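Welcome, and take your time with the picture.

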Amino acid sequence: MNRHLISAADLSRDDALLILDTADELARVSDRSIKKLPTLRGRTVVNLFFEDSTRTRISFEAAAKRLSADVINFSAKGSSVSKGESLKDTALTLQAMGADAVVIRHGASGAPHRLASWVDGSIVNAGDGTHEHPTQALLDAFTMRRRLSTLEGRRVTIVGDVLHSRVARSNVLLLRTLGAEVTLVAPPTLLPVTVESWPCEVSYDLDSVLPKSDVVMMLRVQTERMNAAFFPSAREYSRRYGLDRDRLAKMPEEAIVMHPGPMNRGMEIAADVADSARSTIVEQVANGVTIRMAVLYLLLGGETL
Amino acid sequence: MTYLIKNARILGGDPADIQLRDGVITEIGTGLSGGVEIDATGLIALPGLVDLHTHLREPGREDAETVESGTRAAALGGFTAVHAMANTSPVADTAGVVEQVWRLGQETGVCDVRPVGAVTVGLGGERLAELGAMADSAARVRVFSDDGKCVSDAVLMRRALEYVKAFDGVIAQHAQEPRLTEAAQMNEGAVSGRLGLTGWPAVAEEAIIARDCLLAAHVGSRLHICHVSTAGSVEIIRWAKSKGWNVTAEVTPHHLLLTDDLIENSPVGSYNPIYKVNPPLRTADDVRALREALADGTIDCVATDHAPHPVEDKESEWGAAAMGMIGLETALSVVQESMVETGLLDWAGVADRMSARPARIGRVEGHGMPLAAGSTASIVLYDPVPRVPVEPHGFASKSRNTPYEGLSLPGRVVATFLRGRPTVLEGKLA
């Protein structure tokens, strides 16, 4: 495996399966009353968060702590960064402190690539701008595999703001690697102009795709997109691309509903759909900790489980 | 002082001797004698290069470049005249600022500096700067540009095109529709889609070029288009020229050689802002169209868009980095690599596109003249043979933001003469 996890494209099929299998083993640990493993004792994991994301940060923090790593949380607000420190200087500071892994969330696409050129430790991309969020894709794949037993040949539909979604980019790459067939559904304004070069299908019509879907993944739609004329109104978006109970009924019996969170209930997903038994949204959160444990464990070469 | 350049291949032709005296070429022939001899065996002689598009950063950003350091870089690149862009601080939008830049150029003396005047006050795009005052000043400004910003208001652009006719000026447009390029980071295409960087679509350049060609035709004015970067722009300019309209265009060396996939994958890593430039690097199809357009004359000239930035403005995440790359000291090598080695242009063509035509567009007197007796003795001697990796530490520019570091490029400027006086000898400042 690569030293870093920056893009889902860094993962071969074997790498991805190793992470999922390792997560399966670690999930058993999470079911024990004492959840902690000693494998990363003495190793330092830095959570470097330039964007607010309590959910993702806590998930990585819990993962590192369950592996007994020392965790340093560094958030941009109120730190030297808000006083104008550059990413490079922050990187050199972390380097001097001897970080074994740096988990970075940054608003600029490509920030983890730059960081990797300045520090020796492993870089884990926890979301960079509108580029990628590979651990989200891994936890999604893990969740799908647990529900559907395999990803090979499964039809996954991803709905929403693909243009600005790091979740969509990472999922398309990883699901392809794992043998699933991906269809993106969005208004044309929220798809990259060259989306036809991506390894997936594209549709503008949600209703025609739903009956052929084993998984429907709804993406969060930022309200600011509305002001930039990507679509006329929240109501129209919801009517054309939102997942409500009627649309849920069009999906095959065993098909599941996913959402990376945080949700806009009533916008891209109706509340009763989000809370239905077909929804894996809460499982995704729990699986997030497990998959991040597996990633940190494998990148930092912990002792055998 | 009299110099005798021995055995130079004028425009790549047969060896001949060139005698320079009192700033003028006095004689060209074989077996000449008299004067300080300079052995130019194997070297190509070209007229001194003229750059229509240089950022010298003074006044205001002397940490990135000064008129002195920038003109030294220009001389080392074979240039004898450069146009200093107006986006300084303060902006070159008054006679006072353009005269200051012009005087600084006079003082350094290694390369003529022709200030470009801003079209609008403070590059604000709202009201015309005092174009006439700049034209009448000691700097004798003839090229006006808000470069870095587009004169996007159609009425203002029309007025500017009309107004400068009174003193034979030209508006050099930075063609970028602002609404289509809000927060734009790189060429909009397959690579931007994968990298999650906001796209700068080709249409944002092409729409403005089309509009401005129509405006220039309507009011019968001269229009010059800065740094053309797309195949579509080439088609529009070709059409405008076929109508007989007075439209000229430039292309940068980097748009002739580099493509946007370097941002995803290059020896210097992904998302390296060394490749961040405006207009952005485009696709291989665009590069091919630009080369052909320069070869067939649709694009008139090469202009460097030399844009120095201090290290800290490039050593950052992509989104926070400054746009631009330096290019004076590598321009001729890049043109040799992209145009001469590919068979698209001979050395006479290079002289035309890098000296004669830009001098004519900028109305630069005493530059871009043919290498013939009676012409001003501004000459470059160029060795096209060596091919070595670009080593920015030797640059005279104060900045190091070259995209070519480590890349093997052909050729080397051996000597530059400005009005009969050497500014560069044996590859070093004289």
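Predicted model: local features only at pLDDT ≥ 70, side-chain atom pairs only at ≥ 80, totals over all residues.

Two residues are in contact if their C-beta atoms, placed from the backbone, lie within 7 Å. Helices (H or I, at least four residues) and strands (E, at least two) are DSSP runs, numbered from the N terminus. Axes are lines fitted to C-alpha atoms, for helices over the stretch in contact, and angles run from 0 to 180 degrees between N-to-C directions.

Residues are numbered from 1 along each chain as its sequence is written, while chains are lettered from A and ligands numbered from 1 in the order in which they are written.

**The sheet in chain A**

Two strands pair if DSSP finds at least two bridges between them. In chain A, 4 strands form an open sheet with parallel pairing, in the order β2-β1-β3-β4. Its edge strands are β2 (70-75) and β4 (122-128) of chain A, each of which pairs on one side only. On average, neighbouring strands of this sheet are turned by 15° against each other, direction ignored. Strand β3 (residues 101-106) of chain A pairs with β4(A) over 5 bridges in the parallel sense.

Two packed helices are described by the angle between their axes and the distance between the axes. Helix α5 (residues 134-148) of chain A packs against α12(A) at an angle of about 115°, and their axes are 8 Å apart. The crossing of α5(A) and α12(A) is right-handed (left-handed if the near helix is turned anticlockwise from the far one by less than a right angle, right-handed if clockwise). Residues of α5(A) in this contact include Leu138(A), Leu139(A) and Phe142(A), and those of α12(A) include Gly288(A), Ile291(A) and Val295(A). By class, the contact of α5(A) with α12(A) has 5 nonpolar, 5 polar and 3 charged residues. Here Ala, Val, Leu, Ile, Met, Phe, Trp, Tyr, Cys and Pro count as nonpolar, Asp, Glu, Lys and Arg as charged, and the others, Gly among them, as polar.

**Where the chains meet**

On chain A, 22 residues are in contact with 17 residues of chain B. The helices α3 (87-97), α4 (111-116) and α6 (166-177) of chain A each supply at least two residues of the side that touches chain B. The largest share of that side, 3 residues, comes from α4(A). Sorted by class, the side of chain A that touches chain B has 6 nonpolar, 11 polar and 5 charged residues.

**The sheet in chain B**

Chain B has an open sheet of 5 strands with parallel pairing, in the order β9-β10-β13-β14-β15. The edge strands here are β9 (143-144) and β15 (301-302) of chain B, each pairing on one side only. Strand β13 (residues 223-225) of chain B runs parallel to strand β14 (residues 247-251) of chain B, and 3 bridges join them. His224(B) has Thr248(B) as its bridge partner in β14(B).

**A glycine in a loop**

Is Gly48(B) buried or exposed? Gly48(B) is buried, because 31 other C-beta atoms lie within 10 Å (buried means 20 or more other C-beta atoms within 10 Å of its own, exposed 12 or fewer, and partly exposed in between, with C-beta atoms placed from the backbone). Gly48(B) is found in the loop between β5 (44-47) and β6 (49-54) of chain B. Not counting residues up to four places away in sequence, Gly48(B) touches residues including Phe79(B), His367(B) and Leu418(B).

Most residues other than glycine have a negative phi, and most peptide bonds are trans.

| Site | Feature | Value |
|---|---|---|
| Ser89(B) and Pro90(B) | cis peptide bond | omega about 5° |
| Asn278(B) to Pro279(B) | cis peptide bond | omega near -5° |
| Leu123(B) | positive phi | phi near 60° |
| Arg419(B) | positive phi | phi about 50° |

Leu123(B) is buried, with 21 other C-beta atoms within 10 Å, whereas Arg419(B) is partly exposed, with 18.
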